[in-house]
Amino acid sequence: MTVLPVINLEDALGGNEEKVADEISRACTEVGFFIVRGHGIDRKVFDDAYELSLGFFGRPAAEKDALPMRTSTARGDNDYSPYGYSALLSENAYAYTGKQGMPADYVEKFSAGRLVLDDAEDLPFPADEAGRALRAALKAYFAACETVSARVTELLTIALELPRDFFATRTDRSNDSLRSQYYPGVQQEFLNDQGMGEHTDGTLITLLTEDGPGLQLRDLSGNWIDVDVPERDHFIVNIGDLMARWSNDEYVSTPHRVRLVDRPRQSIVFFKLANDDAVIEAFPKFTRERPATYEPIRYETFSLQKMDALFGREARS
(Lines give C-alpha, C1' and ligand atoms only; values in the text may rest on other atoms or scores of the structure.)
Protein backbone atom coordinates (compact mmCIF):
# COMPACT_ATOMS: atom_id res chain seq x y z
CA MET A 1 0.00 0.00 0.00
CA THR A 2 1.30 3.43 -0.89
CA VAL A 3 1.05 6.43 1.39
CA LEU A 4 -0.55 9.29 -0.52
CA PRO A 5 -0.05 12.94 0.44
CA VAL A 6 -2.69 13.97 2.97
CA ILE A 7 -4.13 17.47 2.61
CA ASN A 8 -5.90 18.85 5.68
CA LEU A 9 -8.09 21.69 4.45
CA GLU A 10 -8.29 23.07 7.99
CA ASP A 11 -4.60 23.91 7.65
CA ALA A 12 -5.50 26.46 4.97
CA LEU A 13 -7.22 28.59 7.59
CA GLY A 14 -5.37 31.31 9.46
CA GLY A 15 -3.14 32.54 6.66
CA ASN A 16 -1.67 29.20 5.56
CA GLU A 17 -3.39 28.95 2.17
CA GLU A 18 -0.19 29.24 0.15
CA LYS A 19 1.43 26.35 2.01
CA VAL A 20 -1.56 24.07 1.47
CA ALA A 21 -1.87 25.18 -2.16
CA ASP A 22 1.76 24.21 -2.76
CA GLU A 23 1.16 20.81 -1.12
CA ILE A 24 -1.77 20.14 -3.45
CA SER A 25 0.15 21.29 -6.52
CA ARG A 26 3.14 19.12 -5.62
CA ALA A 27 0.87 16.07 -5.23
CA CYS A 28 -0.69 16.84 -8.64
CA THR A 29 2.77 16.92 -10.19
CA GLU A 30 4.34 13.92 -8.48
CA VAL A 31 1.57 11.32 -8.26
CA GLY A 32 -1.76 12.83 -9.39
CA PHE A 33 -3.49 11.48 -6.26
CA PHE A 34 -3.89 12.81 -2.72
CA ILE A 35 -6.19 12.44 0.28
CA VAL A 36 -8.35 15.28 1.61
CA ARG A 37 -9.59 15.52 5.17
CA GLY A 38 -10.57 18.41 7.42
CA HIS A 39 -13.22 19.41 4.89
CA GLY A 40 -15.98 20.15 7.40
CA ILE A 41 -18.61 17.84 5.87
CA ASP A 42 -20.78 16.09 8.47
CA ARG A 43 -20.10 12.34 8.69
CA LYS A 44 -23.85 11.71 8.43
CA VAL A 45 -23.78 12.90 4.80
CA PHE A 46 -21.44 10.02 3.98
CA ASP A 47 -23.19 7.40 6.12
CA ASP A 48 -26.64 8.19 4.69
CA ALA A 49 -25.41 8.00 1.10
CA TYR A 50 -23.64 4.69 1.70
CA GLU A 51 -26.39 2.98 3.68
CA LEU A 52 -29.22 4.02 1.38
CA SER A 53 -27.17 3.09 -1.69
CA LEU A 54 -26.54 -0.34 -0.21
CA GLY A 55 -30.27 -0.73 0.29
CA PHE A 56 -30.84 0.11 -3.35
CA PHE A 57 -28.23 -2.38 -4.58
CA GLY A 58 -29.92 -5.05 -2.45
CA ARG A 59 -33.22 -4.68 -4.34
CA PRO A 60 -34.35 -7.39 -6.76
CA ALA A 61 -32.74 -7.15 -10.18
CA ALA A 62 -36.06 -6.40 -11.87
CA GLU A 63 -36.58 -3.29 -9.71
CA LYS A 64 -33.11 -1.97 -10.47
CA ASP A 65 -33.32 -2.79 -14.18
CA ALA A 66 -36.54 -0.75 -14.35
CA LEU A 67 -34.40 2.36 -13.75
CA PRO A 68 -31.82 2.01 -16.56
CA MET A 69 -29.11 4.61 -16.83
CA ARG A 70 -29.66 7.31 -19.40
CA THR A 71 -26.92 9.61 -20.59
CA SER A 72 -28.86 12.62 -21.74
CA THR A 73 -31.79 14.61 -20.44
CA ALA A 74 -34.43 17.01 -21.68
CA ARG A 75 -31.87 19.76 -21.20
CA GLY A 76 -30.13 18.76 -24.43
CA ASP A 77 -28.46 15.92 -26.27
CA ASN A 78 -25.00 17.06 -25.21
CA ASP A 79 -25.66 16.59 -21.50
CA TYR A 80 -23.94 13.28 -20.89
CA SER A 81 -24.37 13.32 -17.12
CA PRO A 82 -25.56 9.80 -16.25
CA TYR A 83 -28.76 9.16 -14.30
CA GLY A 84 -30.03 5.77 -13.15
CA TYR A 85 -28.83 2.21 -12.76
CA SER A 86 -26.06 0.28 -14.53
CA ALA A 87 -25.97 -3.48 -13.96
CA LEU A 88 -23.00 -5.74 -13.39
CA LEU A 89 -20.90 -6.11 -16.60
CA SER A 90 -22.86 -3.38 -18.42
CA GLU A 91 -19.90 -0.98 -18.65
CA ASN A 92 -16.26 -1.19 -19.62
CA ALA A 93 -13.88 1.45 -18.27
CA TYR A 94 -11.28 0.50 -20.88
CA ALA A 95 -13.55 1.98 -23.53
CA TYR A 96 -13.10 5.41 -21.99
CA THR A 97 -9.44 5.29 -23.02
CA GLY A 98 -10.27 4.10 -26.52
CA LYS A 99 -9.42 0.42 -25.97
CA GLN A 100 -11.92 -1.89 -27.63
CA GLY A 101 -12.60 -5.61 -27.13
CA MET A 102 -11.65 -5.58 -23.46
CA PRO A 103 -13.59 -7.36 -20.67
CA ALA A 104 -16.47 -5.60 -18.91
CA ASP A 105 -16.47 -4.49 -15.28
CA TYR A 106 -17.90 -6.37 -12.30
CA VAL A 107 -19.58 -3.35 -10.72
CA GLU A 108 -23.11 -2.03 -10.24
CA LYS A 109 -23.66 1.74 -10.36
CA PHE A 110 -26.38 4.21 -9.53
CA SER A 111 -25.74 7.64 -11.01
CA ALA A 112 -26.95 11.19 -10.59
CA GLY A 113 -25.86 14.48 -12.17
CA ARG A 114 -26.37 18.12 -11.30
CA LEU A 115 -30.12 17.88 -11.84
CA VAL A 116 -30.37 15.96 -8.56
CA LEU A 117 -30.05 19.33 -6.83
CA ASP A 118 -33.50 20.27 -8.20
CA ASP A 119 -36.25 18.33 -6.42
CA ALA A 120 -38.68 19.13 -9.25
CA GLU A 121 -36.67 17.22 -11.87
CA ASP A 122 -38.06 13.86 -13.01
CA LEU A 123 -35.13 11.51 -12.39
CA PRO A 124 -34.93 7.69 -12.31
CA PHE A 125 -35.14 6.98 -8.58
CA PRO A 126 -37.40 4.35 -6.97
CA ALA A 127 -40.85 5.82 -6.38
CA ASP A 128 -41.13 4.68 -2.77
CA GLU A 129 -40.04 6.07 0.58
CA ALA A 130 -36.60 4.43 0.38
CA GLY A 131 -36.11 5.84 -3.11
CA ARG A 132 -36.99 9.33 -1.94
CA ALA A 133 -34.56 8.97 0.94
CA LEU A 134 -31.83 7.81 -1.47
CA ARG A 135 -32.45 10.84 -3.68
CA ALA A 136 -32.18 13.19 -0.70
CA ALA A 137 -28.98 11.49 0.48
CA LEU A 138 -27.30 11.68 -2.92
CA LYS A 139 -28.41 15.30 -3.29
CA ALA A 140 -26.70 16.16 0.02
CA TYR A 141 -23.60 14.19 -0.99
CA PHE A 142 -23.47 15.88 -4.40
CA ALA A 143 -23.69 19.33 -2.78
CA ALA A 144 -20.93 18.41 -0.33
CA CYS A 145 -18.65 17.33 -3.19
CA GLU A 146 -19.29 20.58 -5.01
CA THR A 147 -18.18 22.45 -1.89
CA VAL A 148 -15.00 20.42 -1.43
CA SER A 149 -14.03 20.51 -5.11
CA ALA A 150 -14.55 24.28 -5.18
CA ARG A 151 -12.23 24.70 -2.19
CA VAL A 152 -9.53 22.43 -3.62
CA THR A 153 -9.55 24.15 -7.02
CA GLU A 154 -9.60 27.60 -5.43
CA LEU A 155 -6.47 26.69 -3.48
CA LEU A 156 -4.87 25.44 -6.70
CA THR A 157 -5.29 28.88 -8.29
CA ILE A 158 -2.78 30.19 -5.75
CA ALA A 159 -0.09 27.72 -6.79
CA LEU A 160 -0.96 28.21 -10.47
CA GLU A 161 -0.74 32.01 -10.22
CA LEU A 162 -4.28 32.41 -11.53
CA PRO A 163 -7.16 34.68 -10.44
CA ARG A 164 -8.95 33.21 -7.41
CA ASP A 165 -12.16 32.79 -9.41
CA PHE A 166 -10.48 31.15 -12.42
CA PHE A 167 -12.01 27.71 -11.91
CA ALA A 168 -15.20 28.99 -10.27
CA THR A 169 -16.15 30.97 -13.37
CA ARG A 170 -15.37 28.04 -15.64
CA THR A 171 -17.15 25.30 -13.66
CA ASP A 172 -20.31 26.96 -12.28
CA ARG A 173 -22.50 25.37 -15.00
CA SER A 174 -20.58 22.13 -15.47
CA ASN A 175 -22.42 18.82 -15.91
CA ASP A 176 -20.80 17.21 -12.89
CA SER A 177 -21.88 13.71 -11.93
CA LEU A 178 -21.88 11.28 -9.05
CA ARG A 179 -21.84 7.49 -9.18
CA SER A 180 -22.56 5.28 -6.19
CA GLN A 181 -20.88 1.94 -6.86
CA TYR A 182 -21.14 -1.60 -5.50
CA TYR A 183 -18.44 -4.20 -6.17
CA PRO A 184 -19.23 -7.81 -5.27
CA GLY A 185 -16.58 -9.91 -3.64
CA VAL A 186 -14.62 -12.28 -5.87
CA GLN A 187 -16.79 -15.22 -6.91
CA GLN A 188 -15.79 -18.53 -8.45
CA GLU A 189 -17.96 -18.09 -11.52
CA PHE A 190 -16.39 -14.73 -12.42
CA LEU A 191 -14.01 -14.73 -15.37
CA ASN A 192 -11.56 -12.41 -13.61
CA ASP A 193 -11.25 -10.02 -10.67
CA GLN A 194 -11.79 -6.85 -12.70
CA GLY A 195 -13.99 -4.53 -10.69
CA MET A 196 -13.12 -1.69 -13.02
CA GLY A 197 -10.58 -1.75 -15.82
CA GLU A 198 -7.52 0.43 -16.07
CA HIS A 199 -8.36 4.00 -17.08
CA THR A 200 -7.76 7.67 -16.44
CA ASP A 201 -10.59 10.08 -15.69
CA GLY A 202 -11.58 12.83 -18.11
CA THR A 203 -12.25 15.23 -15.27
CA LEU A 204 -10.84 18.40 -13.81
CA ILE A 205 -10.60 16.49 -10.53
CA THR A 206 -12.32 13.39 -9.16
CA LEU A 207 -13.38 12.92 -5.54
CA LEU A 208 -13.78 9.34 -4.34
CA THR A 209 -14.72 7.81 -1.00
CA GLU A 210 -14.78 4.10 -0.20
CA ASP A 211 -15.45 1.57 2.52
CA GLY A 212 -12.72 -0.94 1.73
CA PRO A 213 -9.71 -1.89 -0.39
CA GLY A 214 -9.56 -2.61 -4.10
CA LEU A 215 -8.46 0.69 -5.65
CA GLN A 216 -5.03 0.63 -7.25
CA LEU A 217 -2.98 3.27 -9.06
CA ARG A 218 -0.09 2.74 -11.43
CA ASP A 219 3.08 4.49 -10.34
CA LEU A 220 5.65 6.04 -12.66
CA SER A 221 7.58 2.74 -12.70
CA GLY A 222 4.53 0.87 -13.98
CA ASN A 223 3.80 -0.92 -10.71
CA TRP A 224 0.25 -1.25 -9.37
CA ILE A 225 -0.03 0.22 -5.87
CA ASP A 226 -2.90 -0.40 -3.44
CA VAL A 227 -4.70 2.71 -2.19
CA ASP A 228 -7.04 2.76 0.79
CA VAL A 229 -8.24 5.18 3.46
CA PRO A 230 -9.23 4.48 7.08
CA GLU A 231 -12.65 6.16 6.95
CA ARG A 232 -15.33 6.71 4.33
CA ASP A 233 -15.29 10.47 4.99
CA HIS A 234 -11.73 10.82 3.67
CA PHE A 235 -11.71 11.88 0.01
CA ILE A 236 -9.25 10.28 -2.38
CA VAL A 237 -8.72 13.01 -4.99
CA ASN A 238 -7.15 12.46 -8.38
CA ILE A 239 -6.33 14.64 -11.35
CA GLY A 240 -8.16 13.93 -14.59
CA ASP A 241 -7.24 14.31 -18.25
CA LEU A 242 -8.87 17.75 -18.35
CA MET A 243 -6.61 19.16 -15.64
CA ALA A 244 -3.61 17.42 -17.19
CA ARG A 245 -4.31 19.10 -20.52
CA TRP A 246 -4.92 22.47 -18.86
CA SER A 247 -1.57 22.14 -17.05
CA ASN A 248 0.37 21.25 -20.22
CA ASP A 249 0.80 17.76 -18.72
CA GLU A 250 2.68 19.08 -15.68
CA TYR A 251 -0.10 17.62 -13.52
CA VAL A 252 -0.40 13.84 -13.80
CA SER A 253 -3.59 12.05 -14.80
CA THR A 254 -2.67 8.70 -13.27
CA PRO A 255 -4.05 5.36 -14.55
CA HIS A 256 -6.02 3.48 -11.92
CA ARG A 257 -8.29 0.46 -11.59
CA VAL A 258 -10.32 -1.53 -9.07
CA ARG A 259 -9.65 -5.17 -8.30
CA LEU A 260 -12.28 -7.32 -6.59
CA VAL A 261 -11.31 -8.54 -3.12
CA ASP A 262 -12.71 -11.19 -0.79
CA ARG A 263 -15.66 -9.09 0.33
CA PRO A 264 -18.05 -6.59 -1.25
CA ARG A 265 -16.90 -2.97 -1.55
CA GLN A 266 -18.76 0.30 -1.93
CA SER A 267 -17.47 3.58 -3.24
CA ILE A 268 -18.97 6.90 -4.30
CA VAL A 269 -17.17 8.89 -6.96
CA PHE A 270 -17.79 12.52 -7.95
CA PHE A 271 -16.58 13.89 -11.28
CA LYS A 272 -15.87 17.64 -11.42
CA LEU A 273 -15.96 18.94 -14.98
CA ALA A 274 -16.01 22.33 -16.73
CA ASN A 275 -18.59 24.51 -18.45
CA ASP A 276 -19.23 23.55 -22.07
CA ASP A 277 -18.00 26.94 -23.30
CA ALA A 278 -14.81 26.95 -21.20
CA VAL A 279 -11.70 27.14 -23.36
CA ILE A 280 -9.03 24.68 -22.26
CA GLU A 281 -5.71 26.37 -22.93
CA ALA A 282 -2.46 25.67 -21.08
CA PHE A 283 -1.91 27.72 -17.93
CA PRO A 284 0.68 30.48 -18.53
CA LYS A 285 2.81 29.16 -15.64
CA PHE A 286 3.47 25.97 -17.59
CA THR A 287 4.22 27.52 -20.99
CA ARG A 288 7.02 29.90 -20.01
CA GLU A 289 9.81 27.41 -20.64
CA ARG A 290 8.23 25.12 -23.23
CA PRO A 291 5.43 25.51 -25.76
CA ALA A 292 1.91 24.25 -25.20
CA THR A 293 1.49 20.61 -26.19
CA TYR A 294 -2.16 20.99 -27.20
CA GLU A 295 -4.18 23.48 -29.19
CA PRO A 296 -6.93 25.30 -27.26
CA ILE A 297 -10.22 23.38 -27.25
CA ARG A 298 -13.72 24.05 -25.96
CA TYR A 299 -14.60 21.76 -23.09
CA GLU A 300 -17.78 20.62 -24.88
CA THR A 301 -15.70 19.18 -27.72
CA PHE A 302 -13.22 17.57 -25.34
CA SER A 303 -16.03 16.02 -23.28
CA LEU A 304 -18.01 14.66 -26.23
CA GLN A 305 -14.94 12.85 -27.52
CA LYS A 306 -14.52 11.15 -24.14
CA MET A 307 -18.19 10.33 -23.58
CA ASP A 308 -18.78 9.01 -27.09
CA ALA A 309 -15.97 6.52 -26.47
CA LEU A 310 -17.27 5.49 -23.05
CA PHE A 311 -20.88 4.98 -24.07
CA GLY A 312 -20.15 3.52 -27.50
CA ARG A 313 -21.67 6.38 -29.47
CA GLU A 314 -20.57 7.37 -32.94
CA ALA A 315 -17.88 10.04 -32.75
CA ARG A 316 -19.03 13.55 -33.68
CA SER A 317 -17.12 15.90 -35.93
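**Notebook: aromatic rings**

I started with tryptophan 246, which counts as buried because its relative accessibility is 1% (buried is under 20% relative accessible area, exposed over 50%, partly exposed in between, with a 1.4 Å probe and protein chains only). This is a predicted model, where local features need pLDDT of at least 70, side-chain atom pairs count only at pLDDT 80 or more, and totals for chains, interfaces and linings use all residues. Residues are numbered from 1 along each chain as its sequence is written, and side-chain values use heavy atoms, with hydrogens and water left out.

Next I looked up ring pairs. Rings of Phe, Tyr and Trp (its six-membered ring) pair if their centres lie within 6.5 Å; planes under 30 degrees apart are stacked, over 60 edge-to-face, the rest tilted. My search of the whole structure gave 17 aromatic pairs. Phenylalanine 142 and phenylalanine 270 are edge-to-face, with 5.2 Å centre to centre and 85 degrees between the planes.

Last, I checked charges over rings (NZ of Lys or CZ of Arg within 6 Å of the ring centre and within 35 degrees of the ring normal). The charged end of arginine 170 sits over the ring of phenylalanine 166, 3.8 Å from its centre. Arginine 257 has its charged end over the ring of tryptophan 224, 4.0 Å from the centre.
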